Structure formats: C-alpha cells, structure tokens
Amino acid sequence: MFKLITRQPLIVNILAGLLFIFILGLIFVQSLNWITHHGEAKTVPSVLNKHISEVLELLEEQGFEVVIQDSIYNEKLKPGMVTKQVPEPDDVVKVNRTVYITVNRTLPPEIDMPNLLGYSFRNAEMVLNNMGLKLGDTTFKPDFAKNSVLDQTYNGNRIAPGTKIRMGSTISLVLGSGIGNIDLTVPNLVGLTYEEAQALLDAEGLIMGSVVADPMVRDTALAFVQRQSPGAKTENGFQLRIRPGQMIDVWLSVDRPVKDSTGGSSSFSPNANE
C-alpha cells in the first residue's frame, strides 16, 4: 500500500487526500443532520394546570425531555400542578427539545413568623398578605393604642416572632380598643404577687405599665407589689378612678408589704411569706 502511494505523482496523492477529506466531511454533515433531527420540529403542547405525572407521560411520549426547574406554593392550585412551562404552549421547536416546568409544591414552605406587635391593623394585614399568611379572627382588648396589635396567636396560642410556620397558616390578632368610657375604681394591688396583680388588671381591662423590681427579686412572678401608681386612694381617702385601657405602674419586692388605704405600703412583714 505504501509502495503504491509513493509510486504515484505527488499531485495525485494530494488530490486523493483532498477527495478523502471531502468524503469524510460529507458523511459527517449528513450524519449530523440525522443526529440533530435537522428540519424536524414539533409544537409544544400546553401542560399548564396539569398534574406532574400526566405532564411527564405526555411530553416524553412526544419526544421531549422534561426538567423540573422550580417549585412554588399557590394555595389556589392542587399540589403537583404545573404552573409554568418553557418553551411556552404552542411554540414550535426541534424534537428532543427540553421543556422546563415549574410545579406547585405538595407542602407549603416554612417561613419565619413576623413580629406584628405594635403595628396598626392595616399594616399587620399587609405584612401577613405579603408573606402568604392568612388573617384569622380579630379580638379587642382595652388599650390606649387603639387598633394596634397587642398580641398574635396561632391555633389559639401565642406565637413568638421568628417561630417557623407554614405559609398559608391563619394568624389571629388581638387589637387595642382604645380607652373605655366606663370609669372604674383603681384596684389596690399592694400585697398581691405580680401574677395576681396581672390577673386582676386583665380582668378589669387595665394594663400593667412599668415594672420596677427590687435588686433582691429573683423571680418576678413570685414577687409582691410594694407600691403602685396611680394608687387606689389619695392620702385623704378619696377613691381614684381609672378607665379600661389605662396603665398602672408597680414596684416589686421580695417581702409582702402591709396594705394601707392608698395603694401604697406602710410597712413590711418579714415573716409574711413564711
């Protein structure tokens, strides 16, 4: 073979080489058209609002590759439904083209519970909507901050900001109703534990204001109210009045004080809590 080539004139070998390269190129081009299905096209069917199992079967039967590109959560759609596709429905593309789809999640994603305390009702409602949460019941509690969020609850329990919660969950709000029009006598809290005083104020629709604890106090809940402002009575024995939604400040001590008639303390009984 080698001798045959060397016996031929150089120009013949060059032409033979060029012919061989041309034939190889022609074969490659023809096979490339076959491999890439050049000239073959199909219309992409619409798979929107169809379940992912049905979509996979439909597209693969028509020669398309399917890739789940993303997932979102839409409570208005059933889980597993296709919400978006690329290429768009009715687009004409080559066969074996990849179709990218977005699927509605089976479970809602978890998000952090926002801190709505102190927000106005309208702002709180806007935050809930933006985060994909639902507004539940709204109840009112006497408070000078009218229509402000005093508390946030989930399934009847208080939910702290930052707690993980499923998108689509229902959050109920406690709002301030403003200062009531009914006059109440100022309750005498002196001598009560902090927990007892808080319960009494809640029952009267009043608010625990500033709490000043003695340095010796280790457990605020078990400490005793030593003094309050406003007091229950003036020094002349005049009964003071207050409206629902207003605040009473308290001072706490480890020892139970002896009540006086004004809502202050006259002396301490060291053995009172033994």
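**Surface patches, burial and backbone features**

Trainee: Where is the place of Thr153?

Mentor: The model is a predicted one. In this model, the place of Thr153 is in strand 8, residues 149-154.

Trainee: Is Thr153 buried or exposed?

Mentor: Buried means under 20% relative accessible area. Leaving aside neighbours within four places in sequence, Thr153 is in contact with Arg158, Ile159, Thr170, Ile171 and Ser172. Because its relative accessibility is 18%, Thr153 counts as buried.

Trainee: Which helix gives the most to the negative patch?

Mentor: The patch of negative charge on the surface gathers Glu54, Glu57, Glu60, Glu61 and Glu65. Glu65 has its place in strand 2, residues 65-72. Four residues of the patch come from residues 52-61, and the element that gives the most is helix 3.

Trainee: Why does Glu65 count as partly exposed?

Mentor: Exposed requires over 50% relative accessible area and buried under 20%, with partly exposed in between. Glu65 counts as partly exposed because its relative accessibility is 47%.

Trainee: Which residue does a cis peptide bond join to Ser229?

Mentor: For this bond, omega is about 0°.

Trainee: Is the peptide bond from Val86 to Pro87 cis or trans?

Mentor: Pro87 lies in the loop between strand 3 (82-86) and strand 4 (92-94). With omega near 0°, the peptide bond from Val86 to Pro87 is cis.

Trainee: What is the phi of Asp90?

Mentor: Asp90 has its place in the loop between strand 3 and strand 4. Asp90 counts as exposed because its relative accessibility is 58%. Its phi is positive, although the residue is other than glycine, with a value near 75°.

Trainee: What is the phi of Asn49?

Mentor: Asn49 lies in the loop between strand 1 (41-43) and helix 3. With a relative accessible area of 51%, Asn49 is exposed. Although Asn49 is not a glycine, its phi is positive, at about 65°.

Key: Residues numbered from 1 in each chain as written. Predicted model: local features only at pLDDT ≥ 70, side-chain atom pairs only at ≥ 80, totals over all residues. Heavy atoms only, no water. Patch = residues over 30% accessible without salt bridge, like charges linked within 9 Å, V, L, I, M, F, W, Y side chains within 5 Å. Areas by Shrake-Rupley, 256 points an atom, 1.4 Å probe, with all protein chains shown as cover. Salt bridge = Lys/Arg side-chain N within 4 Å of Asp/Glu carboxyl O. Lys, Arg positive; Asp, Glu negative; His and termini not counted. Charge placed at Lys NZ, Arg CZ, Asp CG, Glu CD. Helix = DSSP H or I, 4+ residues; strand = E, 2+ residues; numbered from the N terminus. Buried < 20%, exposed > 50% of the residue type's maximum accessible area, 1.4 Å probe, protein only. Contact = heavy atoms within 4.5 Å.
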